[in-house]
Amino acid sequence: MSSGPAASGGIRAEPAAEPRPGSSATQDEINSRIYHARGVAAAYRSKLLDRPETLALLRYQHGFFGRNVLDIGIGTGRTAGFLQPLARRYVCIDYSQEMVDHVREALPGIEVHLADMRDLSPWGAAEFDFVFAPNNVFDAVSHADRLRILGEARRVLSADGLLAFSSHNRRCRTAGKGPRLTYSRNPVTQARHVIEYLRRRLNHLRVGRLHRDEDEYALLSDTGHDYALLHYYIDRDRQQRQLDAAGFRLLEVIDSDGRSLREADGDASSPSLLYVAARK
Ligand SMILES: C[S@@+](CC[C@H](N)C(=O)[O-])C[C@H]1O[C@@H](n2cnc3c(N)ncnc32)[C@H](O)[C@@H]1O
């Protein structure tokens, strides 16, 4: 790192003066409110990798084994336990103070910083060999901010560096769809399901007003945080072009079942896709 830890105050997100339906400021406000809410860490209990992550980390371990790793949007530290012991240097960031505090307490010794991924200026050019951003972290910000992040990721990567990140799949048949009521024979469980459904339905209606369809991407809500987030969705052709324009060469796309997708393969059943790209 070229200077001290960054604080999220240094971000250059688009102005958030007046929330306008569909504006990036609105998307940032919505998501930021959730990730900065008290108790947010409790929603992230898993300590395990999912199948696409496991396959990507096994296949591309040369990219991080004994090398310098930046893990973006660390949450409660799910991926730190796998990458930190294998990396030469492991750095993780999150813009949520609660997440950073949680990592400091749960994983003492991990280098974690309160920082916004839109501003990686505390870190120097080519400081890392592997940038990891799983669990659709890039999707929390606007289109303009996403392009800035790809540029920043490229800048901090070494010449043979790798970027591995996941993103919501716009071609998934459930993309943007609302919640469904789950049924149970047990009346207590059923009452819980109904309450949960109503909460999700309300969030979906509220955030649904801000859904947006652009040529390159869509802004849609999803199951995360009971449909209260507004996420960026993109199909893999558009993502490939975006990566190309940002100075990356796409190496592989892995679907939610862990399949490495070839060009002709369908991806309508995959809610998100994991991309691995090399710095050009
Ligand atoms: C879906 S959670 C994923 C957490 C973790 N990577 C995991 O897979 O368990 C997204 C995380 O990204 C963080 N995040 C969202 N926007 C961010 C931003 N602009 N800069 C840094 N962190 C961000 C959130 O605070 C949250 O911890």
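Helices (H or I, at least four residues) and strands (E, at least two) are DSSP runs, numbered from the N terminus. By this convention, Ala175 belongs to the loop that joins β5 to α6 (187–208).

## Basis of the model

The structure is a predicted model, in which local features need pLDDT of at least 70 and side-chain atom pairs count only at pLDDT 80 or more, while totals for chains, interfaces and linings use all residues. Residues are numbered from 1 along each chain as its sequence is written.

## Overall architecture

The chain contains seven helices and ten strands. Its C-alpha atoms fill a box of roughly 55 × 45 × 40 Å, taken along the principal axes. A compact globule of 280 residues would have a radius of gyration near 19 Å, and the chain, at 19 Å, agrees with this. The radius is taken over C-alpha atoms, and the globule rule is 2.2 Å times the number of residues to the power 0.38.

A residue is called buried if 20 or more other C-beta atoms lie within 10 Å of its own, exposed if 12 or fewer, and partly exposed in between, with C-beta atoms placed from the backbone. Buried residues make up 43% of the 280 residues in the chain. Two residues are in contact if their C-beta atoms, placed from the backbone, lie within 7 Å. Of the contacts with a separation of 6 or more, 66% are accounted for by residues 24 or more positions apart.

## Nonpolar cores

In soluble globular proteins, nonpolar side chains tend to be buried together. A nonpolar core is here a set of buried Ala, Val, Leu, Ile, Met, Phe, Trp, Tyr and Cys residues joined through C-beta atoms within 7 Å. The largest such core has 52 residues, and Val69, Val131 and Leu163 have the most contacts inside it. Not counting residues up to four places away in sequence, Val69 touches Phe64, Leu83, Ala87, Tyr90, Val91, Phe128, Phe130 and Phe132. A second, separate core consists of twelve residues, including Val207, Leu219, Leu220 and Ala228.

## Ligand surroundings

The ligand is surrounded by 19 residues, of which the closest are Tyr35, Gly73, Gly75, Ser96 and Asn135. A residue is near a molecule if its C-beta atom, placed from the backbone, lies within 6 Å of it. The shell divides into eleven nonpolar, four polar and four charged residues. In this division Ala, Val, Leu, Ile, Met, Phe, Trp, Tyr, Cys and Pro count as nonpolar, Asp, Glu, Lys and Arg as charged, and the others, Gly among them, as polar.

## Helices with a buried face

Helix α2 (residues 51–59) has Pro52, Glu53, Ala56 and Leu57 as its buried residues. Viewed down the axis of α2, these residues fall within an arc of 125°, so they line one face of the helix. The arc is that of the directions from the helix axis to the C-beta atoms. The buried residues of α2 pack against α3 (80–83), β5 (157–169), β9 (248–254) and β10 (272–279).

In helix α7 (residues 236–245), the buried residues are Arg236, Gln239, Gln242 and Leu243. Their arc, seen down the axis of α7, is within 115°, so they too line one face of the helix. Asp237 and Ala245, on the other side of α7, are exposed. The buried residues of α7 pack against α5 (143–156), β5, β8, β9 and β10. Just after α7, Gly247 takes a positive phi of about 95°. Within helix α5, Leu150 is buried, with 21 other C-beta atoms within 10 Å. Leaving aside neighbours within four places in sequence, Leu150 is in contact with Gln242, Leu243 and Ala246.

## Individual loop residues

Ala126, in the loop between β3 (111–114) and β4 (128–133), has a positive phi of about 60° although it is not a glycine. Ala126 is partly exposed, with 15 other C-beta atoms within 10 Å. His225, in the loop between β7 (218–220) and β8 (231–234), likewise is not a glycine and has a positive phi of about 50°. His225 counts as partly exposed, with 16 C-beta neighbours inside 10 Å.

Ala175 is also partly exposed, having 19 C-beta neighbours inside 10 Å. Apart from its neighbours within four places in sequence, Ala175 is in contact with His168, Asn169, Arg170, Leu220 and Tyr233. The C-alpha atoms of Ala175 and Ala218 are separated by 9.5 Å, although the two residues are 43 residues apart along the chain.
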